[in-house]
Amino acid sequence: MEGLEKAAFFGIAANLAFYLTSSALGWGGSQAACACLLFLGASYLLSPVGGWLADVYLGRYGAVAISFSLYLLAASLLPVTAWPDGRLSVCGHPPAGTTLNCSWHRGGTCRGTQYCAPTIYAGLLVMALGASSVRANLTPFGADQVRDQGGDATRRFFNWFYWSINIGAVFSLLVVAFVQQNVSFLAGYLIPVACLALALLIFLLATPTFVTKPPTGSQVSAMIKLALQNRGCAWLGASGTRTSRREPGDPLPNSRPQPGAPSLEEDLANFQVLARILPVMLTFIPYWMVYFQMQSTYYLQALHLRIPSIFQHGQDRTSILQGYTVRDGAGGSVDQLDEGQFPDAWLLLANVVVLLALVPLKDHLIDPFLARRGLLPSALKQMALGMFFSLASILAAGVLERERLQYVRRNQTVPQLVGRDRYPAVTLPVWWQVPQYLLMASSELFASIPGLEFAYAEAPKSMKGAIMGLFFFISGVGSLLGWGLLALLSLPPRGWMRCPENYGSIAGCRMDNYFFLLAGIQAVTCLLVTWISRRYRRPAPWPGVPHLCRGPEDD
């Protein structure tokens, strides 16, 4: 189910900007980019909503079923808008004076309003709500199925769950993106719809085999009240003295008279657990700031490196670029670069393929080998290692970008066609990006997967959906902060990423400085996570009360 859902998600998101700027809708480039950012951001930031609904009202099974149905319904809107008759029925006729076949990527401009904007935005937001709720609930629901088999089964589940995500991504990037760019968007968007329908069908047919649990209510409100009234346990790294236990008759906020609700003691205990989890989860914000560079600045960097041709043969390669002649810095002739219909989204495959290879290796060889010798590190220590891999990735990107700028200064550039867009690329091969993708894939293996395992294992029983939603929410925050930092560095007059004289090119930008700034932020995070991993101790339960506060004197 997760593989099919991710195939649909990436199939929708990968070429969304291309679709919105196509002749069907004719949006401008910045308008399309804003819509893409809204969809991607909302699909992460809304995750706590789905998790909370599952904890309080729907249960995880009900939340997954309803979310998939909502997701499928909203996704069906895209092929409808890609079909001319369907587009007229849901969007109406375009306003008079609107140009739909403008070509911003060829230097043209778009005039008028965003055709079909209310329908597109409404569909994207509903789709983001469904996707975020699936993301928050399918992960813990799957872990619930193997929880009784022990911690090793849970760890292996998260390994293979993450592997399934990347199987879906490979299918989406190889097949769906290619169909959208080279066949039609109607066919290309019918495939994600079919994937979601098949995933929902599998889920419903497998219902008798699932372990399902009713909603137990969420303690989010109680946690907030306890935090505001300064009640509960100390934060990680505090004095270590145990918080006094509630005396009989001492009222606490948010008491719950309903049967089966968590007791007041459990509120206090779970507050301490939450206080321990949150600092760990917040350290993921800089990690996600670096991670999402793969889908933004890494991608942009790749477009300005030499990408090999896979569709053009022989002399046909020169026809599209109409005989450009380029000289290198030494005055020699450099071959022209024409990539024909190379799908832009394929540049993300390096990370995905590495993960597909590393997850089975870790699950079958590395983890069992370390476990037999008692050397298997905790999830937190694996996360610290993953943070260092992320730091190495952004440093490698910065070094490569500085070298690319040296080629630009020596005038070793050529025009390169990727998809429908033309970019000034240096003669440095794109394969030099492989180390940074390999390192980022390694960071996912040791940071993101153990992070999921940590969030699920440490979350209070009645808050697992909300905590898993919070984990994905934090990834959305990291993405938006990375975008905000990039926007800040693009401000006039001398921002590192401001190069209006080279519109459409990064030749005059100092993206290397941006990478090194992110590396500095991530270096501090690595040290912080390492310190936390050495001090963090999972609190043992008091008799009869799970996860109650303990101090050092209780060990």
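How many salt bridges does the count come to?

Reply: The count comes to 10 salt bridges, where a salt bridge is a side-chain nitrogen of Lys or Arg within 4 Å of a carboxyl oxygen of Asp or Glu. Side chains of opposite charge can pair when their charged atoms come close. This is a predicted model, in which local features need pLDDT of at least 70 and side-chain atom pairs count only at pLDDT 80 or more, while totals for chains, interfaces and linings use all residues. Residues are numbered from 1 along each chain as its sequence is written, and side-chain values use heavy atoms, with hydrogens and water left out.

One of the salt bridges joins the side chains of Glu-5 and Lys-6, with 2.8 Å from N to O. To say where the two residues sit, a cut-off is needed: buried means under 20% relative accessible area, exposed means over 50%, and partly exposed is in between (1.4 Å probe, protein chains only). Glu-5 has a relative accessible area of 1%, so it is buried. Lys-6 has 7% relative accessibility, so it counts as buried too.

Another salt bridge joins the side chains of Arg-155 and Asp-152, at 2.4 Å from N to O. Both residues lie in helix α8 (residues 151-182), three residues apart, which is about one turn of the helix. Helices here are DSSP runs (H or I, at least four residues), as are strands (E, at least two), and they are numbered from the N terminus. Arg-155 counts as buried because its relative accessibility is 8%. Asp-152, by contrast, is partly exposed, because its relative accessible area is 47%.

Arg-404 is buried because its relative accessible area is 1%, and Glu-401 is buried because its value is 0%.

Now the rest of the protein. The chain has 18 helices and four strands, and of its 555 residues, 52% are buried. Contact means heavy atoms within 4.5 Å. Among contacts between residues at least 6 apart in sequence, 80% join residues at least 24 apart.

In soluble globular proteins, nonpolar side chains tend to be buried together. A nonpolar core is a set of buried Ala, Val, Leu, Ile, Met, Phe, Trp, Tyr and Cys residues joined through side-chain atoms within 4.5 Å. The largest nonpolar core here has 111 residues, and Tyr-19, Leu-25, Phe-39, Met-127 and Phe-284 touch the most other members. Leaving aside residues up to four places away in sequence, Phe-39 touches Phe-9, Ile-12, Ala-13, Leu-16, Leu-124, Met-127 and Ala-128. Another core, of eight residues, lies apart from this one and has Ala-302, Leu-305, Ile-307 and Tyr-407 among its members.

Some nonpolar side chains are on the surface instead. A nonpolar patch of about 720 Å² of accessible area includes Val-49, Trp-52, Tyr-57 and Val-126. Patches are made of residues with over 30% relative accessible area and no salt bridge; like charges are joined within 9 Å, and nonpolar side chains (Val, Leu, Ile, Met, Phe, Trp, Tyr) within 5 Å. Accessible areas come from the Shrake-Rupley method with a 1.4 Å probe, and for residues only the protein chains shown count as cover. Helix α4 (47-75) gives the largest share of the patch, seven residues. Val-126 lies in helix α7, and its 33% relative accessibility is why it counts as partly exposed.

One disulfide (a pair of cysteine sulfur atoms within 2.5 Å) is present. Cys-91 and Cys-116 form it, with their sulfur atoms 1.7 Å apart. Cys-91 lies in helix α6 (residues 84-91) and Cys-116 in the loop between α6 and α7 (117-146), so the pair ties together parts 25 residues apart in sequence. The torsion about the S-S bond is about -45°, so the disulfide is left-handed. Both Cys-91 and Cys-116 are buried.
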